[in-house]
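Thanks for taking a look at this one with me.

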Amino acid sequence: MRIAHVITRMIIGGAQENTLHNCQDLVHLHGDEVLLVTGPAVGPEGDLLAARVRSGAVAVDRSGVDRPGVDRPGVDAEGRAGRFELDGLPIELLDSLRRAIHPVNDWRAARDLRRTLLAFDPDVVHTHSAKGGLLGRHVGWGLKRRSTGKRPVVVHTVHGAPFHDYQSRPAHDFFVGCERWAASRCHKLISVADAMTDLMVDAGVAPRQKFVTIHSGMNVDPFVHAVDHRETVRQKYGLGAEHVVVGKIARLFHLKGHVDLISAAKRVADRYPNVRFLLVGDGILRAELEQQIESLGLKEHFIFTGLVPPSEVPAMIGAMDILVHASYREGLARALPQALIAGRPAISYDIDGAREVVIDDQTGYLVGAGQVDDLADRMIRLVGDAELRQRMGREGQARFTDVFRHETMTRRIRELYSELRTVCHS
């Protein structure tokens with residue numbers, strides 16, 4: 001099959017890792033012809049493609065020159081976008097495809113995307129993210145393939161809804177309206193969690209039968225063996241055998257719950273002075289969070305790692321004893337199954353897909369969003385009970401290791417492509 005994936009930007013994030021695994025599996029495991037179309041990875045979250053290059057993957061530009069040391073794959077010396085390959089996966093970088101709403105840029109992005117897809121002539125157009133999903137579905141639905149004269153199969157993955165309860169009502173209604181319009185321009189919607197389907201159906205985006213749940217896949221083996229790097233990472237950050245480490249992996253950004261975690265940490269640290277909090281990630285709120293930590297007298301209890309390449313995340317989880325994910329909105333945060341696969345219990349706000357992996361009192365604890373006292377109580381319970389941590393960690397690892405293999409995800413997605421091609425083109 002010829003399959004085009006469209007996503008706004010390849011930052012270091014769960015949706016982006018999911019998309020890259022899917023694309024590379026289709027190429028290497030199934031022999032498909034795949035094109036990944038994306039925009040520039042602007043922002044403090046980091047560039048996933050550049051991180052892959054720095055970790056040893058080879059980027060090849062259109063002239064066929066190996067570029068193993070390039071920080072911005074696909075961008076030439078003048079900053080122009082273009083075509084390059086990463087580990088055999090062709091990638092088209094469109095400078096016009098940006099996350100922010102901008103009528104002129106968005107018109108250009110639709111034009112550039114149409115030209116790219118017409119040239120590639122895909123059997124399937126698979127879109128991701130809000131902007132990529134909106135423009136990609138619009139262009140894909142209106143496309144007529146040169147080879148067959150028929151419309152390609154159009155699929156969209158819901159990694160997380162662009163609308164949520166913390167927006168103004170006009171903004172919420174606008175994004176719901178956009179999603180309804182875009183949902184009418186695709187054949188199927190893939191949810192990374194059942195909760196995402198419920199959210200979209202309740203908002204009237206599309207009927208339930210248009211959705212299918214396929215969990216976001218990952219390379220599980222490094223997480224199964226995460227403990228192998230435990231002592232090395234702990235020594236790097238000055239953590240001793242006496243320290244119980246509570247970790248959080250997320251951008252330092254609004255609605256990610258760092259403020260709540262820091263507030264709850266005061267009670268935990270007062271009860272257990274040996275607790276340490278390891279914050280993995282970077283973002284615009286770092287200075288504010290550091291100020292909050294200082295004001296609570298918690299400076300010695302918190303460690304900021306800064307931005308960490310995805311290849312180092314398993315080692316970071318291996319250094320932890322507990323993972324906390326106090327985000328106010330997610331599809332299904334990858335950090336949760338990653339921690340469980342690594343044998344670490346997880347505490348999460350009970351939002352979106354979290355309850356599908358954090359089984360309360362079995363693989364961790366669920367807490368109502370914003371319930372800081374409950375968050376502190378659950379952390380205190382786990383920090384003080386090593387046997388409980390180990391029992392929950394073993395349960396999570398047994399339940400979810402095979403479920404979240406990226407090969408499983410890609411196989412199910414490819415089966416969906418084949419089924420839709422048969423139905424739509426019969």
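How many salt bridges does the count come to? Taking a salt bridge as a side-chain nitrogen of Lys or Arg within 4 Å of a carboxyl oxygen of Asp or Glu, the count comes to 27.

1. A word on the ground rules. This is a predicted model, in which local features need pLDDT of at least 70 and side-chain atom pairs count only at pLDDT 80 or more, while totals for chains, interfaces and linings use all residues. Residues are numbered from 1 along each chain as its sequence is written, and side-chain values use heavy atoms, with hydrogens and water left out.

2. Let's begin with the sheet. Six strands form an open sheet with parallel pairing, in the order β12-β11-β10-β13-β14-β15. Strands here are DSSP runs of E with at least two residues, helices are runs of H or I with at least four, and both are numbered from the N terminus; two strands pair if DSSP finds at least two bridges between them. Because β12 (302-306) and β15 (364-367) each have a single partner strand, one side of each is left without a neighbour in the sheet. On average, neighbouring strands are turned by 20° against each other, direction ignored.

3. Within that sheet, β10 (residues 244-249) pairs with β13 (residues 322-325) in the parallel sense, over two bridges.

4. Next, please look at helix α9. This helix lies across β10, β11 (275-280), β12, β13 and β14 (346-349), running at about 165° to β11. Contact means heavy atoms within 4.5 Å; axes are lines fitted to C-alpha atoms, for helices over the stretch in contact, and angles run from 0 to 180 degrees between N-to-C directions.

5. Helix α9 (residues 258-271) also holds both D270 and K266, four residues apart and so separated by about one helical turn. Their side chains meet in a salt bridge at 3.7 Å, N to O. D270 is exposed at 54% relative accessible area, whereas K266 is partly exposed at 31% (buried is under 20%, exposed over 50%, partly exposed in between, with a 1.4 Å probe and protein chains only).

6. Another salt bridge joins D373 and R267 at 3.9 Å, N to O. Because D373 lies in helix α13 (residues 372-383) and R267 in α9, the pair ties together parts that are 106 residues apart in sequence. D373 is exposed at 52%, and R267 is partly exposed at 35%.

7. Elsewhere, D121, D123, R145 and R421 are linked in a network of salt bridges.
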